[in-house]
Amino acid sequence: MSIPYLNRELSWVEFNQRVLNEALRDDLPLLERVKFLAITASNLDEFFQVRIGGLMLMRRSGRKTPDASGLTPSRNLTVLRQRMLQMHAEQYSLLTGILVPAMEKAGIHPLHPRELTVEQSAQVGATFEDSIFPLLTPLAVDPDVAPPVVPALQITVACRLYDPESQTTRYALIPIPEALGRRVTVTIEGEGHAFVLIEDLVANRAELLFPGETVTATTAFRVTRNGDIAVQEEDAIDLAGEMEDVLTARRFADTVRLELRSDAQRDLVRVIKAVTAATPQEVYRVDGPPGLASFMELAFLTGFDHLRDIDWPAQNSPSITPGVSMFETIAANDVLLHHPYESFEPVLRLIEEAAEDPDVIAIKQVLYRTARKSRIIDALIKAAENGKHVTALVELKARFDEARNLDRADELQRAGAQIVYGVKGLKTHAKICLIVRRESGHLRRYVHLGTGNYNETTSRLYTDLSYLTCKAEYGNDASLFFNAVTGRSKLLRFQRLIPAPTAMKPTLLDLIASEAERAKQGLPARIIGKINSLQDPEIISALYKASQAGVEIKLNVRGICCLKPGDPKYSKNIEVISVIDRFLEHARLFYFHQGGDGEVYIASADWMTRNLEKRIELMIPIEQAALKRRLVRILEAFFQDNTQASRLLPDGTSQRIVRAKGQKAFRVQDHFHQQARKTARAREHERAMTFEPHVPAE
């Protein structure tokens, strides 16, 4: 018997719509709206590369089997195209009709080269000749020769050229290197900021690239290629080398989307379609500049802070005493940090202290996505140079971060660290760091376990949880974990940690089933879950059964949700909300009532088949009563949000929750920020009032 199941891809598009809805809000500061618009475009880039690319490969292979929602790859692509055309239209209507006029009013002026004064024209002309022209490489389009390969996700200018001498017309393409950025600044009088888009400037000056010819027409376009190219691991002797091949293939793979300006001349459109091998299904005509993701840089323009949200700086956790060693702090008590409201600094400090501490013998860490200038990797390099045993499991299959991970892995290896490139057939997504320290003749293990990446940049933008402990059982499990992933042995015999792919899914199914059993017996039964995505059919089926048995289920799902809420037969006891706000909700946190002795877990994994069966993940039980209570309060707070939360509807769309008349506004992220500020201030006050006596030196 089939169960109600919402289409995964359409559910993702509805999530992106919730992000776009933030950009559509006229009560948000202008540059925040620009930022949300750029995020939707960046999200779409990845969606086309991965999900649309994957569906196109399935269709080409002749697969006609419907997915769990009943759509074949071909039908899915047709439905998605209609939805995408609608979303593209909404994005450009917002940009050109609302945001650009508002920017001009606020002193941010997008100009066309034709609008420049003589002085401005001379200024951008000099910039073009000095900094842009030397980096451009025009590509001829010759009907008798194989078409040039246009790199993915780069703005490219197509030109029609006329040679007056031979009286012939030909075509050429000018790809614009990403390193040049999207804006060329123009000096203006008085306050404000003016710029021309680089593709408009290149088109305007294109004749400099083709001496003796006249440029009679130009247009800008952008191609998205299939990024769903997997590593053939079975044949890969050198995984790092294999990944480099995949990165190259991805830049020149099949076209999955061609963004073309609506005002492009017909002959240029024909040439571009032929060069990119795009069929009409891949063509998206846009009423403005293609590639809106790069408009993110506008959101961070200096001098326009009044057009942005007020900053919410991370606060010091009351559990962390400044100046006290992290080892001392963790030895005194387990630490739970809620980022970005509480600073990620203690995690960085722990690893930096470990690198310098003469008593630390070994550091073992999983690195999935790291910052560009990563203090963590710098600390691990320092630790290796200081003679400590450093093991880094660097996941080369972290999609779109592979190149950076390859580079940093090389640096670590040169410093003397032991590098392991993930595990064959599985992606390592667990967030764990183990530090082994010699104390009073014994070895003590300190562990950091988290829901987010070891990335100090995203730790300021994503909401995540960190748990720091030196409890023996967790340390022992951490050692078993690293032995298993570096020594290729089995993830077995854990006392506390629950790993995927071996134990996490069976444990979750057992926990859900035990709540259902209690409900059948007339006992209170409750599940609250916070995840980024819910797609696994077995988990969904178990949740439906629990709902039918009478379990109260509250789910906070940021992105994809294939569970159908509000179905009278299957899910009448299930509420699904999604919160989109200034920070990206990223923490995974689960609560099971368990007869009143609630069990609370944080995890690196979402409730998706890929996480539970095809990745190495960790689910971590939090056992200390005070920390458990705090996590349950965090979970419950989301369901009070009547400002940024949306309720998922039975058809897969969502509706913003509107507060009742007279009800006080509650915004969960603001609540956590205010709470962190209040607690930090109270702790500082307490420290200021504590007198420490001077003790005579011994």
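How many nonpolar, polar and charged residues are in the lining of the largest cavity? The lining has 3 nonpolar, 10 polar and 1 charged residues (Ala, Val, Leu, Ile, Met, Phe, Trp, Tyr, Cys and Pro count as nonpolar, Asp, Glu, Lys and Arg as charged, the others, Gly among them, as polar).

The model is predicted: local features need pLDDT of at least 70 and side-chain atom pairs pLDDT 80 or more, while totals for chains, interfaces and linings use all residues. Residues are numbered from 1 along each chain as its sequence is written, and side-chain values use heavy atoms, without hydrogens and water.

**Largest cavity.** Its volume is about 100 Å³. A cavity is a set of points, on a 1 Å grid over the protein atoms alone, where a 1.4 Å probe fits but cannot get out; lining residues have an atom within 4 Å of a point. Select His339, Phe344, Gly452, Asn453 and Asp464, the closest to the centre of the largest cavity among its 14 lining residues. Then colour β17 (462-469), which gives the most to this lining, with 4 residues. Strands are DSSP runs of E, at least two residues, and helices runs of H or I, at least four, numbered from the N terminus.

**Second largest cavity.** The volume here is about 70 Å³. Select lining residues including Ala41, His88, Arg222 and Glu259. The elements α2 (30-60), α3 (73-105) and β8 (255-261) each give two or more residues to this lining.

**Helix α13.** Select residues 472-487. Finish at Arg488, which follows α13 and has a positive phi, near 60°.

Methods
The expected span of a helix is 1.5 Å times one less than its number of residues. On a 1 Å grid over the protein atoms alone, a cavity is a set of points where a 1.4 Å probe fits but cannot get out, and a pocket is an open set with protein on both sides within 12 Å along at least five of seven lines; lining residues have an atom within 4 Å of a point. Grid points are joined across faces, edges and corners, and a volume is the space filled by probe spheres set on the points.
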